[in-house]
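Please keep the sequence and the structure open while reading.

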Amino acid sequence: MPETDDPHPSLPPLRDVIRDHDLHASKTLGQNFILDLNLTRRIARTAGHSGSTPLNKIVEIGPGPGGLTRGLLMEGAQHVTVIETDDRFQPALCDIATAYPGRVSIMMGDALKINPDDLTDGTYKIVANLPYNVATPLLIKWLSQSPIRWDSLTLMFQKEVAQRICAQAGEDAYGRLSVLSNWLAETHIEFDVPADVFVPPPKVTSAIVSLVPRERPLADADLAVLEKVTAAAFGQRRKMLRASLKQITKDAENVLISCDIDPTRRAETLTIEEFCALSRALKDYL
Ligand code: SAM
């Protein structure tokens, strides 16, 4: 695997960092490392081009041995706060912090329990290569922030999940995650990342997704209600909405008609604006 050396003289190649600190990848923690600094720099540049600010303040989740952290710093990030749950990586991360004085803060802990708003003032960007079972709940958590303080999210997902995040109504991948994400943010698949760039390689292709918050949501709705309505509608996605929404109210058919939505339609055909209208109409039933 190619690896561009970090020009920083005190930082060894990532392969040596992993060997010297005995950082074998843990399957339980979904660890697949990127050792190619050309690729991590590309991810960093993508983050720099997303949203309205350059690479000023970054919160990076799951830095592991620090390949992406180094990519961000090499691309000029002013400050990177990393949150890592696996203590074994702390010494390697401390070496990066020493090599880039004043530009790296390390927080050991579970990102699911940490609000990145508490770690930095003003606007910041979130960048992460995480296992998707952690990244998906984190994405929902970050989207639920009110107001949203991040300026962009640049995240690695397995390609199938990336497609679900970015899908539009009528597309096969369109689902709950597409509605919530695109309601609040503009989403974009930036580029695919083949399995063989990871150590060890996962079984699937991945993709980098960017999300930039909209100035205001696409339409008026309450997030908790929208979550429940989309969960009911897509939970039985092959059923007509008049049937799938019966779990919310026996009156589902009339509520759909009151929103100008044909009750025989299926969830995957509804636009986000229609889901929002439905959520407003169903609010009092929940
Ligand atoms: N970013 C590194 C890279 O690209 O080489 C490591 C990627 S590895 C797929 C995912 C990293 O996220 C691991 O270091 C793992 O320990 C960390 N991680 C997993 N769950 C986490 C959580 N809940 N909070 C913080 N870090 C987590």
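## The ligand and its pocket

On a 1 Å grid over the protein atoms alone, a cavity is a set of points where a 1.4 Å probe fits but cannot get out, whereas a pocket is an open set with protein on both sides within 12 Å along at least five of seven lines, and lining residues have an atom within 4 Å of a point. A molecule sits in a cavity or pocket if more than half of its atoms lie within 2 Å of its grid points. In this structure, the space taken by the ligand is the largest pocket.

The model is predicted, and local features need pLDDT of at least 70, side-chain atom pairs count only at pLDDT 80 or more, while totals for chains, interfaces and linings use all residues. Residues are numbered from 1 along each chain as its sequence is written, and side-chain values use heavy atoms, with hydrogens and water left out.

## Residues around the ligand

The ligand is surrounded by 22 residues, of which Ile34, Gly62, Glu84, Asp110 and Asn129 are the closest; a residue counts as near if one of its heavy atoms lies within 4 Å. By type, the shell comprises ten nonpolar residues (Ala, Val, Leu, Ile, Met, Phe, Trp, Tyr, Cys and Pro), four charged ones (Asp, Glu, Lys and Arg) and eight polar ones (the others, Gly among them).

Polar contacts are pairs of N or O atoms within 3.5 Å. A nitrogen atom of the ligand lies 2.7 Å from a backbone N or O atom of Gly62, and a side-chain N or O atom of Glu84 is 2.6 Å from an oxygen atom of the ligand. For Asp110, a side-chain N or O atom is 2.8 Å from a nitrogen atom of the ligand. On its own the ligand has 590 Å² of accessible area (Shrake-Rupley method, 1.4 Å probe), and the protein covers 97% of it.

## Record annotations

An unreviewed UniProt entry places a "binding site" feature at Asn32, Ile34, Gly62, Glu84, Asp110 and Asn129, and annotations of this kind may be inferred rather than shown by experiment. The lining of the largest pocket includes Asn32, Ile34, Gly62, Glu84, Asp110 and Asn129.

## Backbone details

Most residues other than glycine have a negative phi, and most peptide bonds are trans. The Ser146 to Pro147 peptide bond is cis, with omega near 0°, and Val199 and Pro200 are also joined by a cis peptide bond, with omega about -10°. Asp22, a residue other than glycine, has a positive phi near 55°.

Technical notes: A polar contact is a pair of N or O atoms within 3.5 Å; within protein, one must be able to donate a hydrogen and the other to accept it, and residues adjacent in sequence count only if both atoms are side-chain atoms.
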